[in-house]
Structures are given as structure tokens and as C-alpha cells.
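Please examine the structure shown below and follow the account that comes after it.

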Amino acid sequence: MPDIPSESSILRELKALVDLISPIWQRFTRRKKTERDSDSNENSQREVLILGPGGVGKTTFARLISLDYDFRSEEPGGYEESIGIESFTMAPDEQVEVVVLPGQKHRRASSWTEVLEQIKGGRFAGVMLFSAFGHHSLGEISITSLELFEKCGRKKRPFLSTYFDSKRQDELDVLRNLQPYLETSSNPIWMLSTVVKQDLWWSDRQEVDRHYREGDYGKIIESIARKRSAASFRHEFAFASLVIANLTSGEDELLKKNTAGYGQAQQIASLNTLCETLGSLLEWEKLK
Amino acid sequence: MTTKTSDNKDVGEQFVRAAVPLMKEYTEKLEKIVKEAESLQQAFTKTPPKGEHQTRRAQEQLSRIEERASRLSSAVDELNRRVSQMIEQGQLDSELQRVELKLRLAELENAMNAAQWIDTTIPTE
């Protein structure tokens, strides 16, 4: 498989993604519309919160499900940091609102607390926590300007190893930040741990699976579940690749190539699982 | 603070030296644009434009101001993102520099946010 998809393969991906995602969402949203129509006094639809560290694909996912992502004009894997809180509506029936929080650490204090507090009050039907096994995109910065690159003796291999480790720690920090709000939410709430960039860590997928299910991440999830009843908290994992692309810095420095052998078939299967899981969680919340 | 190699000396210092004046300049420009719009709005509230001609001229004045802010937004967003990445993980000479960038960034983003919400509606009698 070539490292960088040709334009025609990108177009094929676009068509496949739209073909894949649209019917799935149409199926769920059509069912929701029927339910809503049958109960005109129903309160407005609760929202879905998406959060996670910066550079893990939160906004890309939100744009994909609102059919606002154009593979023809956008650089696959390109990262444009979100500055503030963003809102999207899931296509095509616009019945599920999605709120995406900016992921950079220095933006969390000012933009996260108020929104996380609203988890307690029941604003959100569920939370999607995005991770990428530490493979977080770098924004508009060269690796040569990074503090960590300097600390690693300006050598790429030790830098990358330390970079991925530190980003995995940050993923845990985000989960720890979220934990008390999920434990005290007044309403039933679901959580979907969405581990993306599968194309970058596919050859280590068993390790990735263990890291999230059996490591500290999984233990925190278990702890949350213990404090809630099964009827009031549901958690699922989904492992996926939103786009197939090498990991590069904002200055186009190659950090890691995507895994040879990971192709469109795996990507589509992963997105299908992700959409189906999300759909079933939305249905679960609806039945509460 | 880390020990720096000679070829990478002053990366943070150079960045701060270039970015901070730019951030100050565009914060001021955006604040000025917002103030101009507010002054015009106040003037139109005090003395609403009369007739089609005056209303159209008032609308054009406000639209021009809005356009000035709009033209800056893309480049200002890019500047914001570059600064944000330096704050997040860039090599800076001191934590004080990081704090300064955070403060400047907050000011610039506030100014940009205000400029994006310029009210162009014309008060009517």
C-alpha cells in the first residue's frame, strides 16, 4: 500500500465513507424521528459531548458524522487546532447535537469546567472520549521547536517513544478529569472510549487493546462503573481509523508512517463498528 | 530549563520576539475595529438614519467595518494556532515566557471573538 493515498483512492474513500455513514445515521435518526413525533411533549434531544487531548481527531469525527468533511479538498491527517468549543449536528436529520471541546491543555481550564459540570445536570446523553494510543497530531509547529525533542537529545527515535508515552499519560489525565463528573451525573449516561488512528498502531493492536482494557485506563472505567448501577452507566470501546494518513508535524516532517497492510477494508470495518456502537448507545439512552 | 545545543539556541526567544509584537498589534487592531462598530451603532441608535439612502449608507459603513475584521480572521487564527502549539509543547526559555504567551493569546482570541460578533443591524425609528 502506498504511504500517501492517490487522489482517486481518496475519492473512493470519500464515497465509501459517505455511503457507509449516511445509511447508518439515516437508520438511527429515522427511528428517532418516529419516536419524537409520537410524543410531542418530549423535551429537546440531549447532546453528545466529545472530548480528548488535542490532535486526536475529535473535530474530524464530528465533521464526518455531520457530513461536513470533504476528502477531495482536505489533506488527510491534516490537523487544524480547534480554538474554542464547537457544535455540530449529526446528519442527515439534525436531531443529535454534538459539542466538541478544544483539546489543548492550556485551553482546558477556561473551556472545560463549565461544560463538564453540565454532565452532572444531565445535559449530555453520552460522552465520547477520544484517544489515539499517544499518536496525537502536532499542530503548526516543527519537532525542532519542541521542548521534548530537545530533552531527547534532538534524536527522532527516542523523541517519538517519549512523545507517545507522554501523550498516553495525557489521555489518562483527561479520563481522570472526566471521572468525577461521570460518577455523579444525575442521569443515565453512556461513555464511548474511541481510540482512533488505528492505521498508525495496527501492528501493535494487541498491545493497544491491553493498554486500554486492562491497564490504568480500563481500571478507571471499572471504578466509574462500580460507583454507578448498570442501568445508569454504560461503557463501550471502539477502535477506528477516521482517515488513513502518515503522522506528520505541522511542518510536514514525517513522524510515523501508517502501517503497511492497513487499508480501506480495515478502515471501513472500523468505522462501521464505531457508528454501530455509537448508535446502540444512543438507543440505550433513549430507553432510559 | 533544558540545556540547549548551539544550533537550536534561542528558538523560543526568537519565537516570542516575533510573535508577541504581532499579537499586541492585532489585538489592538481588532479592538479598534470593534470600538468603531460600537461607536457607529451608538450614533445610529441616538440618531437613526432616515430614508432609504441614509439607511443604505449606514449599512455600508457597518459592513465595511465587519469586512475589515473578517479579512484578518484567517491569518489571526493561524497565528493563534502557532502560539497555542508553542504554549502547549514548544521549547521556551522560561515558564514566564509561556505565561506571557498564554496571556497574549487570551487577549487576541477575546478580541477576535468580539470582532466576529460585530452587530451590523441598523436601528430604526
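Helix H3 of chain B comprises the 22 residues 95-116; helices here are DSSP runs of H or I with at least four residues, strands are runs of E with at least two, and both are numbered from the N terminus. At 1.5 Å a residue, H3(B) should span 32 Å, and its end C-alpha atoms are 31 Å apart, which agrees; the expected span is 1.5 Å times one less than the number of residues. The model is a predicted one, in which local features need pLDDT of at least 70, side-chain atom pairs count only at pLDDT 80 or more, and totals for chains, interfaces and linings use all residues. Residues are numbered from 1 along each chain as its sequence is written, while chains are lettered from A and ligands numbered from 1 in the order in which they are written.

Which residues of H3(B) are buried? They are B:Leu101, B:Arg104, B:Leu105, B:Leu108, B:Glu109, B:Ala111, B:Met112 and B:Ala115. A residue counts as buried if 20 or more other C-beta atoms lie within 10 Å of its own, as exposed if 12 or fewer do, and as partly exposed in between, with C-beta atoms placed from the backbone. Seen down the helix axis, the buried residues of H3(B) fall within an arc of 160 degrees, so they line one face of the helix; the arc is that of the directions from the axis to the C-beta atoms. These buried residues pack against helix H1 (11-46) and helix H2 (51-89) of chain B. On the face turned away from the buried side are the exposed residues B:Glu95, B:Leu96, B:Val99 and B:Leu103.

Chain B as a whole has three helices and zero strands. Its radius of gyration, taken over C-alpha atoms, is 20 Å, well over the 14 Å that the globule rule gives for 125 residues, so chain B is more spread out than a compact globule. The globule rule is 2.2 Å times the number of residues to the power 0.38. Along its principal axes, the C-alpha trace of chain B spans about 70 × 20 × 20 Å. Of its 125 residues, 29% count as buried.

The confidence of the prediction also deserves attention. The mean pLDDT of chain B is 89, and 91% of its residues reach 70 or more; pLDDT is the predictor's confidence in each residue, from 0 to 100. Over residues 1-6 of chain B, however, the pLDDT is below 50. Where pLDDT is low, the predicted coordinates should not be read in detail. The model scores ipTM 0.79 and pTM 0.84.

Chain A contains ten helices and eight strands, and 40% of its 288 residues count as buried. One of its residues, A:Phe61, lies in helix H2 (residues 58-65) of chain A. A:Phe61 is buried because 25 other C-beta atoms lie within 10 Å. Not counting residues up to four places away in sequence, A:Phe61 touches A:Ile50 and A:Leu242; two residues are in contact if their C-beta atoms, placed from the backbone, lie within 7 Å.

Finally, the two chains meet: 17 residues of chain A are in contact with 20 residues of chain B. Helix H3 (105-111) and helix H5 (147-151) of chain A each supply at least two residues of the side of chain A that touches chain B. The largest share of that side, four residues, comes from H5(A).
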